[in-house]
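Take a moment to look over the sequence and the model below.

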Amino acid sequence: MKIILLGAPGAGKGSQAVKISAEYGLPHIATGDVFRANIAKGTELGKYAQTFIDKGELVPDDVVVKIVADRIKQPDCKNGFLLDGFPRTIAQAQALDQLTEIDLVINIDVRFELIVARISGRRMCECGQTYHISTYDKDTCAKCGKPLYQRKDDTEETVKNRLEVYQKQTAPLIEYYKKKGILVDVDGNRTVQATFDDIKELLK
Ligand code: ADP
Ligand code: ZN
C-alpha cells in the first residue's frame, strides 16, 4: 500500500503515521522530520530548510521532491510506504504522480480551534513520537527516554502563517485526490486512538 496522510498542521498526521507504520510495517516518510533531523545535525540542507520553516513557509518544491524521490527508491519502500507531510502543493503531487502510483489518501479533518490548541501544547521526541501536555506531563519520551522539546515553529505567530499556507497551498490537494477517486476523509476531532480505529477499519 502506498498511502498519503493529508491534513492541516496539528491535524494529527504524525501521531497516526507512527501507529499505522507500526501496525502495517510501512516505512514512515515524514518530510518535516527529515528537515528537523538535518537542522539538528547542522547540514547544508538543514540550514537552507530552516530559513523557510522558521517563518512557517514551505521549503521549495524541487528540494522536497528530490528528498522524497530518493527515499521511495530505497528497497524498504518496494511494497509500500506512508507519506506524512508530502505532498503539500499541487506541483509536489504532480511530481509524485510521475514517480509512482498512490493507492490511498487519508485526509484527517480537524476543526480550526482544535488545531491551534493541539499545536501550542505539542511536544516532540527525536524518535518521531509526539505528545500533548494535556495528556502527558513528563519531559522525556515514554518510548526512548530522550528529552522532549517544543518545535520552534509551534509558536503562535508561525502557526498562524502555517495555517494560511495550508489553506492556500495544501487544501487544494483534497480536490485533486478526490477527482482521482482515492481520497477518504477521517474525523480527526477525536482521540488519537479513536481516529486510528477508523483508519484501521478503512485499511481492512
Ligand atoms: P506540520 O504538518 O505540523 O506543519 P511538518 O513537520 O510536516 O509539520 O513540517 C514542518 C515544516 O517543514 C513545514 O512548515 C514546512 O516549512 C516544511 N515542510 C515539510 N514538508 C514539506 C513539504 N512537503 N513541502 C514544503 N515544505 C515542507
Ligand atoms: Zn522518543
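Start with Gln 92. This residue sits in helix α5, which covers residues 90-99. Keep in mind that the model is predicted. Is Gln 92 buried or exposed? Its relative accessible area is 2%. The cut-off for buried is under 20%, so Gln 92 counts as buried.

What does Gln 92 touch, apart from its neighbours within four places in sequence? Its contacts are Val 59, Asp 61, Val 64, Val 65, Phe 86 and Pro 87. Find these residues in the model and see how they lie around the glutamine.

Two of those partners deserve a second look. Phe 86 and Pro 87 are joined by a peptide bond that is cis. Its omega is near -5°. Pro 87 belongs to the loop between strand β3, residues 81-84, and helix α5.

Now turn to ligand 1. How many residues surround ligand 1? There are 20. The closest are Thr 31, Arg 36, Glu 57, Gly 85 and Gln 92.

By type, the shell divides into seven nonpolar, five polar and eight charged residues.

Next, look at single atoms. A polar side-chain atom of Gln 92 is 2.8 Å from a nitrogen atom of ligand 1. Gly 85 uses its backbone instead: a polar backbone atom there lies 2.8 Å from a nitrogen atom of the ligand. Arg 151 brings a polar side-chain atom to 3.1 Å from an oxygen atom of ligand 1. How much of the ligand does the protein cover? On its own, ligand 1 has 550 Å² of accessible area, and the protein covers 96% of that.

Last, check the cysteines. A disulfide is a covalent bond between the sulfur atoms of two cysteines. How many disulfides does the structure hold? The count is zero. Cys 77 is buried, at 2% relative accessibility, whereas Cys 127 is partly exposed, at 39%.

Conventions
Residues are numbered from 1 along each chain as its sequence is written. Chains are lettered from A and ligands numbered from 1 in the order in which they are written. This is a predicted model: local features need pLDDT of at least 70, side-chain atom pairs count only at pLDDT 80 or more; totals for chains, interfaces and linings use all residues. Side-chain values use heavy atoms; hydrogens and water are left out. Helices (H or I, at least four residues) and strands (E, at least two) are DSSP runs, numbered from the N terminus. Buried means under 20% relative accessible area, exposed over 50%, partly exposed in between (1.4 Å probe, protein chains only). Contact means heavy atoms within 4.5 Å. A disulfide is a pair of cysteine sulfur atoms within 2.5 Å. A residue is near a molecule or strand if one of its heavy atoms lies within 4 Å of it. A polar contact is a pair of N or O atoms within 3.5 Å; within protein, one must be able to donate a hydrogen and the other to accept it, and residues adjacent in sequence count only if both atoms are side-chain atoms. Accessible areas come from the Shrake-Rupley method with a 1.4 Å probe; for residues, only the protein chains shown count as cover. Ala, Val, Leu, Ile, Met, Phe, Trp, Tyr, Cys and Pro count as nonpolar, Asp, Glu, Lys and Arg as charged, and the others, Gly among them, as polar.
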